[in-house]
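Student: Hi! Could you walk me through this structure?
Tutor: Happy to, have a look at it here.

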Amino acid sequence: MSAAPARRAQVSAALLMASATLAGAFGAHALKGQLAPGDYELLQTAVQYQFIHALGLLLVGMLLLRNSQRALRVAADLLLTGVLLFSGSLYLLLG
């Protein structure tokens, strides 16, 4: 049983959480007065969903350490793809 899928999921989750923290802090402190209220809400939504997906990905990564089932590997890939597409598209709307 390879630990590579678990490690990839955990590292991806950690990077997503770190970047969500940075985006949320930057938005709250540097951009709040500069963004339109609707854009600020969009940023908050992107950050919130990124955190939620990252926590789910971390959980799947932990489960993968115990059991490297194909379904868990697919779930990790789908979570990562989903957060990149969803939150990423919201971030792009702000730019």
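Tutor: We'll start with the overall fold and then turn to some residues. This is a predicted model, where local features need pLDDT of at least 70, side-chain atom pairs count only at pLDDT 80 or more, and totals for chains, interfaces and linings use all residues. Residues are numbered from 1 along each chain as its sequence is written, and side-chain values use heavy atoms, with hydrogens and water left out.

Student: Which secondary structure does the protein chain have?
Tutor: Three helices and zero strands, in the order α-α-α along the sequence. Helices (H or I, at least four residues) and strands (E, at least two) are DSSP runs, numbered from the N terminus.

Student: What box do the C-alpha atoms fill?
Tutor: Roughly 50 × 20 × 15 Å, taken along the principal axes.

Student: How many of the residues count as buried?
Tutor: Of the 95 residues in the protein chain, 28% do. Buried means under 20% relative accessible area, exposed over 50%, and partly exposed in between (1.4 Å probe, protein chains only).

Student: And what about helix 1, which residues are buried there?
Tutor: Among them are Pro5, Ala9, Leu16, Met17 and Gly27. The buried residues of helix 1 pack against helix 2 and helix 3. Helix 1 covers residues 4–31 and reaches 38 Å from its first C-alpha to its last, close to the 40 Å expected at 1.5 Å a residue. That expected span is 1.5 Å times one less than the number of residues.

Student: Switching topic, how many aromatic pairs does a search of the whole structure find?
Tutor: One. Tyr49 and Phe86 form a tilted pair, 5.0 Å centre to centre with 55° between the planes. Rings of Phe, Tyr and Trp (its six-membered ring) pair if their centres lie within 6.5 Å; planes under 30 degrees apart count as stacked, over 60 as edge-to-face and the rest as tilted.

Student: Where in the chain do Tyr49 and Phe86 sit?
Tutor: Tyr49 is in helix 2 (residues 37–66) and Phe86 in helix 3 (residues 70–94), 37 residues apart, and the pair links distant parts of the chain.

Student: Why does Tyr49 count as partly exposed?
Tutor: Because its relative accessible area is 37%. Phe86 is also partly exposed, at 35%.

Student: What about Ser87, buried or exposed?
Tutor: Buried, with a relative accessible area of 1%. Ser87 lies in helix 3, and its side chain reaches the backbone oxygen of Ala46 at 3.0 Å.

Student: Which residues does Ser87 touch?
Tutor: Ala46, Tyr49, Gln50 and Gly82, not counting residues up to four places away in sequence. Contact here means heavy atoms within 4.5 Å.

How values were computed. Polar contact = N/O pair within 3.5 Å; in protein donor to acceptor, adjacent residues only side chain to side chain.
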